[in-house]
Amino acid sequence: MAETLLRGASVVVTMDDAGSEVAQADVLIRDGVIAGVGQGLTTTGTVHDVAGCVVTPGLINTHHHLFQSLTRAVPGAQDALLFGWLRTLYPIWARFGPEEVFTSAQTGLVELALSGCTLTSDHLYLYPNGSRLDDTIAAAAEVGLRFHPTRGSMSIGESSGGLPPDSLVEAEAAILNDSIRVIDAFHDPRPGAMVRVGLAPCSPFSVSRELMRDTALLARDKGVMLHTHLAENDEDVAYSLARFGCRPGQYAEGLGWTGPDVWHAHCVKLDTQEIDLFARTGTGIAHCPCSNCRLGSGIAPVRPMLDAGVHVGLGVDGSASNDSGNLIAEARQAMLLSRVARGADSMSARAALRLATRGGAAVLGRDDLGQIAVGKRADLAVWDVSGIESAGSWDAAALVLAGPTRVRDLFVEGRQIVAQGRMATLDTQALMARQRRLARALAG
């Protein structure tokens, strides 16, 4: 049996049901699973000295568009609201191909890994010039992160009253057929799975009612999860009222898009009845605070959601609407926005970290992840709190208040992905050279 011991952490933040934190503790990993948490553990395997460090569960990102990592800070989109932002970027994304999708995915995945993320979902909803979901899955396999890609889709172009250009939409029969293909090829329902596939029509303003309904039926037949954008801003709600005669939550409910196998991104503009609906049905929410600020969408009612019992996780969203993909920084932003909206006591540093770990695991249906406990998968983040970012902190575990935003070490399924602040799985210099070449070609 392969064993690894993390020895002598200043504190292990377990995120177990009791919220236990163990000082001067060790974590024993055996065959990709946590085998022990405590003091004085021993092994004949590899030992990592983590003195002066905080060990947390690996962070979980519940919403991303990895392909956007090649289109950060595009001038025409920097100050636009959601719909104008999309109209600026769609023509650029239409020039992507498999290499752009693969390279942008690796760029985003590396950024996430360095910020403590061990599992990320991804929402790829456009497939220009031969691109496929397979490109992102291959990218994640090389980086070494646990991956929940979703087969996104757009079927209503501008000529039919939708937002995307006609060149980026697909025939609905082709969407459903490819959804079956990627599920059969890649989805792994077993505990400890490295890849699980979901289905994710982009939004109510880019697909038909029929595709939403048919996708839900297919997902449940195949036993996979469902994902889309919902109630992101005032324009989104106005569109739903004008086109469907109901609010976004009602629209989702009517098409079978509620339940523990569904999670929606953003949900900034949910009202009280919609929050109650999501709580009652076990529907999850990916809260994306930085992107919501960047696009001026508003502050999601996270505290009321949590109080009602809604499963809430964090998402960095795409790198063209966040311009960053740092998940621990996203947790800090979630805490700060909640305090602005509801008061300084509305979200603690540990509650924000819980959103990024246990919250994300609940949203993605992963009860094997999100905490450091015997029998759970060994996805672990090691944070060095001996540096300047934590200097003077009286509470090392309050990472989102005073702590590093980059991990020292990262383990996924017991395998070391980041070592001493550097990627251990791929050549980041070669990746960045490829990324710069492709970005220049897109800009020119």
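Student: What do I need to know about the model before we start?
Tutor: It's a predicted model, so local features need pLDDT of at least 70 and side-chain atom pairs count only at pLDDT 80 or more, while totals for chains, interfaces and linings use all residues. Residues are numbered from 1 along each chain as its sequence is written, and side-chain values use heavy atoms, with hydrogens and water left out.

Student: OK, helices. How do H3 and H4 sit, roughly parallel or roughly antiparallel?
Tutor: Roughly parallel. The axes of H3 (residues 133-143) and H4 (residues 172-186) come within 11 Å and cross at roughly 25°. Axes here are lines fitted to C-alpha atoms, for helices over the stretch in contact, with angles from 0 to 180 degrees between N-to-C directions. Angles under 35 degrees count as roughly parallel, over 145 as roughly antiparallel, 65 to 115 as roughly perpendicular, and the rest as oblique. Helices are DSSP runs of H or I with at least four residues, strands are E runs of at least two, and both are numbered from the N terminus.

Student: Which residues of H3 and H4 meet?
Tutor: On H3, Leu-133, Asp-134 and Ile-137; on H4, Arg-181, Val-182 and Phe-186. Contact means heavy atoms within 4.5 Å. By class, that contact has four nonpolar, no polar and two charged residues. Nonpolar covers Ala, Val, Leu, Ile, Met, Phe, Trp, Tyr, Cys and Pro, charged covers Asp, Glu, Lys and Arg, and the others, Gly among them, are polar.

Student: And H2 against H3, what's the geometry there?
Tutor: The axes of H2 (residues 98-114) and H3 come within 8 Å and cross at roughly 40°. That makes H2 oblique to H3.

Student: What's in that contact?
Tutor: From H2, the residues include Val-101, Phe-102, Ala-105 and Leu-109, and they meet H3 residues including Thr-136, Ala-139, Ala-140 and Val-143. The residues of this contact divide into ten nonpolar, two polar and two charged.

Student: Switching topic: how many salt bridges does the structure hold?
Tutor: There are 24, where a salt bridge is a side-chain nitrogen of Lys or Arg within 4 Å of a carboxyl oxygen of Asp or Glu.

Student: Which residues are linked in a network of salt bridges?
Tutor: Arg-132, Asp-134, Arg-151, Glu-170, Asp-178 and Arg-181. Asp-134 and Arg-181 also turn up in the contact of H3 with H4.

Student: What does the salt bridge of Arg-30 and Glu-3 look like?
Tutor: Their side chains meet at 2.7 Å, N to O. Arg-30 lies in strand E2 (residues 21-30) and Glu-3 in strand E1 (residues 3-13), so the pair ties together parts that are 27 residues apart in sequence.

Student: Is Glu-3 buried or exposed?
Tutor: Buried, at 18% relative accessibility. Arg-30, at 30%, counts as partly exposed. Buried means under 20% relative accessible area, exposed over 50%, and partly exposed in between, with a 1.4 Å probe and protein chains only.

Student: What about Lys-222 and Asp-184?
Tutor: That's a salt bridge too, at 2.7 Å, N to O. Lys-222 is in helix H5 (residues 209-222) and Asp-184 in helix H4, so the pair ties together parts 38 residues apart in sequence. Asp-184 counts as exposed at 52%, and Lys-222 as partly exposed at 29%.

Student: And Glu-413 with Arg-377, where are they?
Tutor: In loops: Glu-413 between strands E15 (409-412) and E16 (415-419), Arg-377 between helix H12 (349-363) and strand E14 (380-384). Their side chains meet in a salt bridge at 2.3 Å, N to O. Arg-377 is buried at 16%, while Glu-413 is partly exposed at 23%.
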